[in-house]
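Please look over the model below before reading my notes.

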Amino acid sequence: MKIPFSPPDITNSEIDRVVEVLRSGWITTGKVTKQLELDISDYCSVKRTACLSSATAAMELSLRILGIGEGDEVITSAYTYSASASVIAHTGARIVLADCIKDGVAIDIDSVRDKITERTKAIIPVDIGGVPIDYLRLHEVVEEKRFLFRPANDIQKSLDRIAIIDDAAHAFGATYMGKSIAHWSDFCCFSFHAVKNLTTAEGGAVTFSDIGSVTADEIYKQFMLLSLHGQDKDALTKVEGGWEYDIKLLGYKYNMPDILAAFGAAQLERYDEMLEVRRELVDIYDNAFKGTVVKPLIHRSQQYNGSHHAYIVSIDGLDAKKRNHLIVKMEKRGVSLNVHFKPLPLHTAYINLGFDIGDYPNALAYYNSTVSLPLYSAMTKEIVMYVVEQLLDELKSSDCKESDHAGC
């Protein structure tokens, strides 16, 4: 048996929608993308959504709309993928990294609190594996530090505090305190990459509502300008309303085409069903690992209900060398594993910026002991149990003696 890590869940519904767009003769950004934006806004209970080329684009444009740049600081987690931090550098602002909590992946709110200065303009928390961070605590800290905030433009004045830009790349469909994850940030950025719960093959979206006196419609117009070279008419508008256009600012090329939006629209129609399958699969995993050295990330609590995107576990006695060997051994057993994530200060680019992994002990300790198991909505209960059996058997094998727990 060969178990992939996270293949997309594609049915005839997605294929039919994409074919319909292909036959329409209009495949770039148009009515299908605009309808998907409305549907996502409705699903997340927000005023507006901008569909873009990636979650990375969504985070960078959120920073730029806030006017964040040189001389500013933005805090994110040391335990994340590079996109959460690289967008900060792209704007010219300074990356500030906070450690994660002990024995977990969520950003440590106390660490965030200690790193806030008069230069801090935004915080980018990361909902790794689709598990929401402690947003109530984060909002408390932002309110506590409001006196330090120094607004630099009109939208910052309307906000009158540090902005929260959620890297919710893993978390579409997650809830916190009974509300959509999109409710808890000023800009909530989702990824629709091929391995995500809801995919458009490549793509992403950012959701938002009014910010003080700045309306969501005004913010949406800024996203559209920035995502299409600063051009005040997209292709469809030009066809329907005359060719002439103006370049209002020097923007980027981050728009989502209809051919991808059609894929996402079909996924969104059955998304709750796919989420329920993921919840059931996570429950099977969790029950099977009770009383073993395998400690899963907690996907549900009284505060939150995650999107069940990635099944991340820490294993007692594991270190980075043993973990890497375990991944190789499991591949030979037909099971593909992954790691979410290698902390940023272990990467060359961040070492060159002066970051030292020694300053982030929780991130390093969790990374050394963690691995991610296959999880996808087309998975069956039988496949889950096969993965469990193969992992536990490998951990007990001659190369993984029980005396050192996971000595593979």
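The points below take the pockets in turn, then a helix.

1. This is a predicted model: local features need pLDDT of at least 70, side-chain atom pairs count only at pLDDT 80 or more, and totals for chains, interfaces and linings use all residues. Residues are numbered from 1 along each chain as its sequence is written, and side-chain values use heavy atoms, without hydrogens and water.

2. The largest pocket has a volume of about 610 Å³ (a pocket is an open set of points on a 1 Å grid over the protein atoms alone, where a 1.4 Å probe fits, with protein on both sides within 12 Å along at least five of seven lines; the volume is the space filled by probe spheres set on the points). Its lining has 35 residues; Tyr 81, His 170, Lys 196, His 340 and Phe 341 lie nearest the centre. Helices α3 (55–65) and α4 (83–90) each give two or more residues (helices are DSSP runs of H or I, at least four residues; strands are E, at least two). Lining residues have an atom within 4 Å of a point.

3. The second largest pocket holds about 380 Å³. It is lined by 24 residues, with Ile 101, Gly 104, Val 105, Ala 106 and Tyr 304 nearest its centre. Here α5 (109–115) and β10 (294–296) are the elements that give two or more residues.

4. Helix α11 (residues 271–289) has 19 residues. At 1.5 Å a residue it should span 27 Å, and its end C-alpha atoms are 27 Å apart, which agrees. The expected span is 1.5 Å times one less than the number of residues. Just after α11, Gly 291 takes a positive phi of about 80°.
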